[in-house]
Each structure stands twice: as C-alpha cells, then as structure tokens.
Amino acid sequence: MLSVSNLDVRYGQFRAVQGVSMEIAKGDVVSLIGANGAGKSTLLRAIAGALPIHSGRLLFKQQEITNTSSSSRVQQGLSLVPEGRRLFSDMTVEENLLLGSTVKRSGDWNIERIFSTFPNLVKRRHAKTGNLSGGEQQATAIGRALMSNPDFLILDEVSLGLSPLVVNQVYDSMESLKDAGTTILLVEQDLERAMRFSKRTICMLEGRVVLDKLTSDTNKEEITQAYFGLHQSSKQEVS
Amino acid sequence: MMNSLVQAILLGGYYALVACGLAFMFQVMRIINLAHGSLAILSAYLVWEITDALALSPFVSVLMILPIMAIIGLLLQRVILERATKGGELLPVLTTFGLAIVIDNLLFQQFGANTRSLSPYLGDLSWESYEIFGLWIGKLPVIVLITAIVVIGGLDLILRFTPLGRQIRATAFDPDTAGLVGIDARKIAGISAAIAMMTVAISGTALGLRGTFDAYAGGPQLLFAFEATIIGGASSLWGVFLGGIILAIAQSIGALIHPQGFLLGGHFMFLIFLFARIYFNRDVFTLKHWFAKRNKGEITA
Amino acid sequence: MKIKRSNAYSKVTLYVVAAVFIALILLPSFASNNVMERLTVLFIYIIMAAMWNTLAGFGGLISIGQQLFFGLGAYATIRITNMAISPFVALLIAACLVGLLSWPISTFMLRLKAGEFAIGMWVLASIGHLLVNLDPLIQGETGISLIALNQYAIESRRLLIYFAALVSMSGLLLGLFYLLRSKAGIAMQAIRDNEEAADSIGVDAEKVKKWFFIFAAFGTALAGALWLAQASSFQPKTYFSVQWTAYMIFMVLVGGLGRFEGAILGALLFFVVETWFAATGVWYLVGLGAVAMLCSLFFPKGIWGVIETRLSITLIPVGYQVTGLKPDSHSKNK
C-alpha cells in the first residue's frame with residue numbers, strides 16, 4: 001500500500017531522515033520505534049506531506065505521491081494524526097470532526113460513529129477543543145483523521161501526555177480499526193504496548209532504519225539494542 | 001457637534017467596508033495587500049464605465065463587477081501572491097506595491113487626471129436625506145453604512161457556519177495541519193482572495209457613490225483601510241468595523257481642532273492604537289505568537 | 001570556521017574605484033554644465049538606492065515610507081538656512097537631525113512585522129507631510145525656494161552642489177562598506193542567507209537593525225537635502241511623495257537586493273532608463289512598477305545577484321566567504 005524508497009528529509013543542512021526504505025502492505029499494523037530525534041516524526045510528516053522530501057520516492061497505492069500536497073494525500077486515503085494533536089483549538093469538537101470530512105471519501109465513518117467510538121466526546125460535542133482534557137483532545141484528533149475514511153492511518157505519539165487509563169481507552173478503540181482492516185503505522189514510546197498492538201516493528205536510529213521485523217520474529221531485547229544503536233553490525237545489512 | 005459625530009459614524013461605515021477585505025486577506029493568508037486601495041479604485045472605474053456605457057444604475061453595475069473582481073482576486077492569488085509568499089514574508093509586500101504602481105498608472109493612462117464620481121448617476125438619491133431629531137442624514141451614506149454591516153455580517157456568518165468558513169478558519173489558524181486534515185490550502189487561498197476582492201469592489205463603488213475618486217486615490221484608501229484594521233485589532237471583522245468608525249471620529253475631532261487636522265487626527269489615533277498594541281497586546285498584533293507556534297511545531301517534528 | 005573577505009577581484013576593484021573617484025573630482029574642470037547636473041542627480045540616486053538597500057537588503061525591513069526622511073531632510077534644510085546658515089552646512093545638520101529623529105521612530109516601528117512595518121512607515125510619511133504643511137514658512141503646498149543658494153554665483157553653486165553630492169555619496173558608501181564589514185554587518189548578511197549560521201555568530205539582530213534604520217534615515221535625509229539644493233525649490237507634495245520610495249525599490253530590486261554593488265548598478269540603470277523613457281510619462285511609471293514586480297517574483301536577487309551566482313565574483317568585498325564549513329552550507333538559501 002505504501003512504498004518508501006531511499007527517502008531523505010532535511011532541515012537545512014541537518015539530515016533528519018536518511019535513506020529510509022520500507023514497504024507497508026494493506027492491513028499491516030506497524031509500530032515505529034526510536035529514541036527522541038531518531039527521525040520518526042519527521043518521517044511520518046514527510047509521508048503525510050507536511051514536510052518536503054529532499055530525495056527518494058513515495059508510492060501510495062502504486063501512485064507516485066513524492067511531491068503531492070498533504071491534502072491530496074488525504075484525498076487518496078492517507079491520514080495522519082499529528083504529534084501534539086494539533087487541533088484547531090478555537091473550534092468545537094464537532095467543527096474539528098467536520099473538518100476531517102473535507103475530502104468526502106466514502107466509507108463507514110461519520111460523525112455519529114466517531115461519537116459512539118469515543119463516547120467520552122459526546123457531552124463535549126460543542127465545547128472548544130482548547131478546553132478539553134488530553135484524552136478528549138486525542139480522541140478528537142483521531143476522530144478527525146478517521147472522518148476522512150482513510151485506508152492508511154498514521155498515528156504520531158497518540159499516548160503522549162495521557163494517563164495510562166486514557167491510553168488504554170484510546171488503544172481499545174483503535175482495536176476496532178485494526179479489526180476493520182485499516183492499515184496503521186504508529187509511533188509509540190511504550191515498547192511493550194507497541195509490540196502488543198502491532199504485527200510488525202520498525203526501529204529508527206539517527207535518521208536510519210536499523211530494524212524491520214515481524215513483531216513475532218523479534219523480542220524486546222533485540223529492539224532495545226537497535227533502539228540504542230548497540231547492534232552496529234546489523235545496521236548496515238538491515239538498512 | 002452631534003451632527004459631526006453622526007457624519008463620522010457614517011464615514012466610518014465606508015472605512016470599515018474598505019478595511020474588511022484587507023483584514024480578511026491578512027487573517028487568512030497573512031498578507032497585507034499593498035495594491036488593496038488601487039484595486040478599489042480600479043473597481044470604482046469599472047463601475048463608472050459600465051454605468052456610463054449601459055446607462056445602468058451603479059447598484060446594478062456593482063453586481064456585474066463582483067464576478068470580475070472575484071476572478072481578479074483568484075488571478076492575484078494564483079499568479080502573484082502564491083509565488084511571492086514562497087519567497088518569504090517580504091516579497092508579497094514588494095510585489096503588491098509594484099502591482100499598485102502599475103494599476104495606478106494604467107488607470108491614469110486610461111482615464112486621465114479628472115476626478116470622477118458615481119453620484120451623478122443616482123438622480124435624486126445623491127442628495128436625499130432623512131431628517132431625524134433635527135439632523136439631516138444623507139440617504140447615501142446610510143446605505144453605505146448598512147452595506148458595511150451586511151458585508152461584514154455576511155462574512156462573519158460564512159466564517160462561522162459554513163464548511164467553507166470552517167476551512168478558511170482552519171487554514172488561517174494552522175495551515176500545516178489544515179493540509180493534513182485534507183484542506184486544499186491553495187483552493188482556500190484562491191477563494192479567500194476572490195472574496196476579499198468582491199468586498200474591494202463594493203468598497204470602491206461606495207467611494208464613488210459618496211464622493212469623488214481619481215487614478216491615484218488608491219494610496220490613501222490603502223492607508224485608511226490599514227489604519228482601521230490596526231485600530232480595530234485585525235483579529236475580528238467586527239473589530240475592524242469599530243476601527244473604521246473610530247478612525248472617522250478621530251478625523252472629525254482633528255478637523256475640529258485645526259482646519260487641516262482631518263487626516264492628522266486619524267493618523268494620530270492610529271499611532272495611539274499602535275502604541276497600545278505594541279506595549280500591551282504584542283502577541284496578537286505582531287503575530288509573533290502565531291509564528292512561534294508554527295516554528296515550534298516544525299522543529300519538534 | 002574562518003571568514004574571508006577579500007578575493008582576487010577586490011584588489012582590482014579598489015584601483016578602479018580610486019580611479020573613478022579621482023576622475024569624478026577632476027571632471028568639473030572639463031565637463032559641461034549639463035553633465036555635471038546630471039551626474040549630481042545620479043549621485044543622489046545612488047545614495048537613495050544604497051540607503052534603501054541598507055534597510056531592506058541587509059536589515060530585512062521593507063519600508064514604503066522612506067519619503068518621510070527624504071522630505072524631512074529637505075524641509076529641515078529650508079528651516080536651518082532660514083537661520084542664516086550656509087545651505088551646505090545646513091544639509092548636513094538637517095541629515096543629522098533627521099537621523100536623530102529616526103531613533104525614537106525606530107524603537108516602536110521596528111516592532112512591526114513585514115507588511116505592517118511597510119505601510120506603517122507610509123503612514124508616518126503622510127504624518128510628516130501634513131505636519132510640514134502646517135509650518136507657515138512653507139506656505140502649504142505652494143512651497144518655498146531655497147533662497148539662500150542665491151548668495152552663490154550660478155557657476156560656483158553648480159560646482160558646490162556637485163561636490164556636496166559626490167562627497168555625500170562617497171562618504172555614505174564608505175560608511176555602509178565599513179558597517180557591513182563590521183561583525184554586526186556580517187551577522188546581518190548571514191541572517192539574510194541562513195538563519196542557522198547567524199545564531200552561531202551571536203549578534204543582537206534587533207540592535208543592528210536599529211542602526212541600519214538610523215543610517216538609512218540619515219542617508220535618505222541627506223539625499224532629500226541634496227535634491228533640494230539641486231532643484232532649489234521645496235513643495236511638500238513632491239518631496240513627501242511615495243514615488244521616491246518606488247524609485248528606490250525599483251533601483252534596488254533590479255540591481256540586486258542585499259548586494260552592495262546591486263544598489264549602485266540599479267541606480268545607474270534607473271538613471272539611464274529615466275533619461276531615455278521619462279518622456280513617455282505614465283507608461284514609464286507602469287514599466288517601473290511592472291519591472292519591480294517581475295524582478296521580485298523571478299529574480300529576487302536582481303541583476304547583480306545573477307551575475308554573482310553565474311560568475312561567482314564579488315567586486316566589493318562586504319560579504320563573507322565562510323571557509324571550513326560543510327560544502328553545501330551555501331546551497332540552500334532562505
């Protein structure tokens with residue numbers, strides 16, 4: 001579904017993502033692991049079209065999207081829940097969700113289904129999102145992305161700043177997405193949770209992919225070593 | 001005294017009308033269009049031409065130029081502003097200033113140095129007045145004031161309650177995230193420019209109805225629009241409406257103090273508000289706040 | 001990291017500049033009156049372009065209101081000569097006074113952003129114009145002549161104005177040259193090219209901008225005062241016209257925004273264009289606006305910028321060549 005080849009993303013001279021390649025098939029649930037500054041968010045934002053790509057290619061459903069705008073990628077079914085939620089905080093929950101349906105793709109998601117998936121939002125429907133709790137904001141951000149009926153959903157640090165209880169709620173509601181066959185790529189700091197949720201794990205270090213395996217074929221120890229770059233020898237062959 | 005206050009409020013209606021397009025574009029695209037005044041004068045000439053050639057009422061002619069100005073707005077965005085904004089925040093200032101010079105001088109070339117007015121095409125309406133509590137209030141200025149309220153109110157309703165308005169607000173608030181949600185920033189910018197130019201068309205007509213204009217009248221209109229926007233606070237269109245009225249009142253006070261004090265009164269009021277904004281409410285005014293937010297987002301990404 | 005300033009071209013340039021300067025000093029002994037008068041105008045254009053370039057090209061501040069300083073420079077000269085001071089002393093005093101006035105103006109105007117600063121300056125120019133109109137000496141828009149010039153015979157007057165303009169231009173360009181070569185000046189150019197590099201130099205950009213603003217105000221006021229000497233009459237409407245800023249913008253955009261040589265080249269071009277096309281009246285102004293607009297859209301670095309990148313030469317070494325950084329440090333400009 002998504003094919004990333006030899007992707008380079010830069011901030012000025014700084015190469016935040018270097019020569020990253022990966023293939024994500026339909027129905028895959030992939031978690032992206034890595035320390036702060038490893039380039040995870042940069043990669044996700046570049047895939048979603050929020051950052052320009054310096055070199056390399058992006059294919060989505062066999063179509064070249066390397067230089068297309070973020071809105072056209074949403075139109076094609078690729079949707080990002082950005083880090084820090086980035087809600088339109090002077091608008092209500094309902095307005096944020098309605099904005100999500102700007103591209104009008106057909107599918108099962110509509111505003112009522114969002115409210116039944118995230119029941120905590122129901123009574124906040126007409127509240128400004130700037131006044132919501134972290135969990136409610138995160139639910140709105142996910143709901144907003146779902147409103148475009150994406151085939152491929154990217155989630156950047158959805159549990160950041162949330163209490164464990166709320167994180168559980170968020171992941172519970174995402175299980176239903178998984179069951180519906182939505183392809184998911186997510187960044188998650190909590191390794192155990194990531195391994196439990198995903199079928200595949202990709203680990204990044206200093207802008208490169210250092211590990212890319214089915215979650216069932218790897219273990220916590222191997223991922224931890226890749227995370228800290230202790231596995232220098234395997235780095236070359238994997239990337 | 002009472003009379004000049006009423007006249008000032010009516011004049012303020014015109015300033016609000018000419019300012020709302022400038023403020024709207026600034027809010028949505030973060031561009032101050034220096035050709036704003038010149039485009040208003042261009043529309044005034046267009047209305048004058050159509051009115052004169054087809055023997056129509058100016059109120060009908062303005063409806064005909066609305067789509068023309070909307071297309072000009074779209075072209076302005078697509079051909080000039082889109083390119084200029086990619087080069088940083090200084091280029092739009094330079095290019096729109098260059099555009100203003102081009103428009104002003106083309107108008108001069110075409111229409112010469114004589115001043116024009118739309119009021120001769122209005123018949124009795126140009127001098128008819130209402131008598132209220134002993135004050136004579138011209139019908140025409142009242143129509144302009146009401147138009148300002150309708151235009152600003154209409155824009156406000158569009159922004160608040162329509163999908164398009166939501167998308168415009170989202171783009172103004174955070175263009176990157178708006179793109180991630182599926183909003184086509186390019187389309188929104190084009191539509192916003194078109195809307196702004198339609199208000200410009202109306203304000204140019206209002207200028208021609210209320211008084212006279214000539215090819216080089218664009219500069220002063222830009223300054224009035226800018227002053228009203230700054231006084232009103234640029235963050236809400238109703239603020240801009242108020243800004244227009246305050247500007248006009250300040251000009252009247254200036255004129256009371258000194259026979260040449262009309263413009264100075266307005267300018268000084270502008271400076272007072274500028275000071276106040278810089279020292280008390282800097283964030284909103286300089287948009288540092290907004291830029292800081294954007295930059296932070298990019299760095300942590 | 002090392003910063004290198006001179007290159008092979010700059011030595012040659014030094015000789016050329018010296019030769020041109022000497023030629024210009026000797027010129028009055030054989031040139032016709034008309035040539036001297038035209039050259040005086042050219043010198044003033046170069047001052048105006050260089051000053052606007054200081055502000056916009058190096059300080060990153062686009063002002064549409066530089067006619068404020070131009071007009072005030074002329075007005076102050078009128079006022080000072082009215083106190084029986086020689087006009088050639090008066091124009092320097094006038095420029096200093098305007099420079100002094102620009103300091104409080106800078107403290108709040110520099111807090112404005114891009115377009116707001118641009119139009120804000122225009123409003124200030126309008127205020128300056130209206131206030132000058134209130135001075136009974138000026139007689140409103142009727143204006144006044146610089147009568148004090150009549151104490152000089154026409155020949156010596158022309159010569160004095162020529163030298164005043166030549167000295168002012170040379171002095172201001174030299175001043176700008178050293179300002180740009182100072183640590184602060186280099187930092188400002190670095191900021192223009194690459195924000196990240198500027199951080200490491202550690203200069204208070206706001207403070208430098210303020211100095212650029214004041215310097216530009218001083219120079220523009222001097223240009224206004226010289227124009228008054230050359231034209232010998234003052235009408236507020238003419239001197240406070242936004243057209244002056246339009247000319248400055250045209251010269252700098254065409255010549256090369258933020259390039260020392262660019263402003264001079266732009267002024268020369270403008271001078272030629274004006275000589276040839278000013279008779280076409282309005283179309284000439286349409287052309288100026290259109291060219292300025294196209295330049296800013298398609299060649300934001302102007303003609304000199306194109307020359308510089310194509311041939312990679314710098315005649316006047318105000319810039320900096322950073323050595324010892326990664327090779328692509330200059331490839332991605334802001």
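A residue is called buried if 20 or more other C-beta atoms lie within 10 Å of its own. Keep that in mind as you explore this predicted model.

**Exercise 1.** Find the buried residues of helix 5 of chain B and the elements they pack against.

*Solution.* Start with the helix itself: helix 5 covers residues 139–161 of chain B, 23 residues in total. From first C-alpha to last, helix 5 reaches 32 Å, close to the 33 Å expected at 1.5 Å a residue. Next, apply the cut-off. The buried residues of this helix include Leu140(B), Val144(B), Ala148(B), Val151(B) and Leu155(B). Finally, look at their partners: the buried residues pack against helix 1 (2–29), strand 3 (135–138), helix 8 (185–210) and helix 10 (237–257) of chain B.

**Exercise 2.** Work out whether the radius of gyration of chain B agrees with that of a compact globule.

*Solution.* First, take the length, 301 residues; a compact globule of that length would have a radius of gyration near 19 Å. Then compare: chain B has 19 Å, so the two agree.

**Exercise 3.** Describe the contact between chains A and B from the side of chain A.

*Solution.* Begin with the residues: chain A gives 26 and chain B gives 17. On the side of chain A, the elements giving two or more residues are helix 1 (40–48), helix 2 (70–76) and helix 3 (93–100).

How values were computed
Residues numbered from 1 in each chain as written. Chains lettered and ligands numbered in written order. Predicted model: local features only at pLDDT ≥ 70, side-chain atom pairs only at ≥ 80, totals over all residues. Contact = placed C-beta atoms within 7 Å. Helix = DSSP H or I, 4+ residues; strand = E, 2+ residues; numbered from the N terminus. Expected span 1.5 Å × (residues − 1). Buried ≥ 20, exposed ≤ 12 C-beta atoms within 10 Å, placed from the backbone. Rg over C-alpha atoms; globule rule 2.2 N^0.38 Å.
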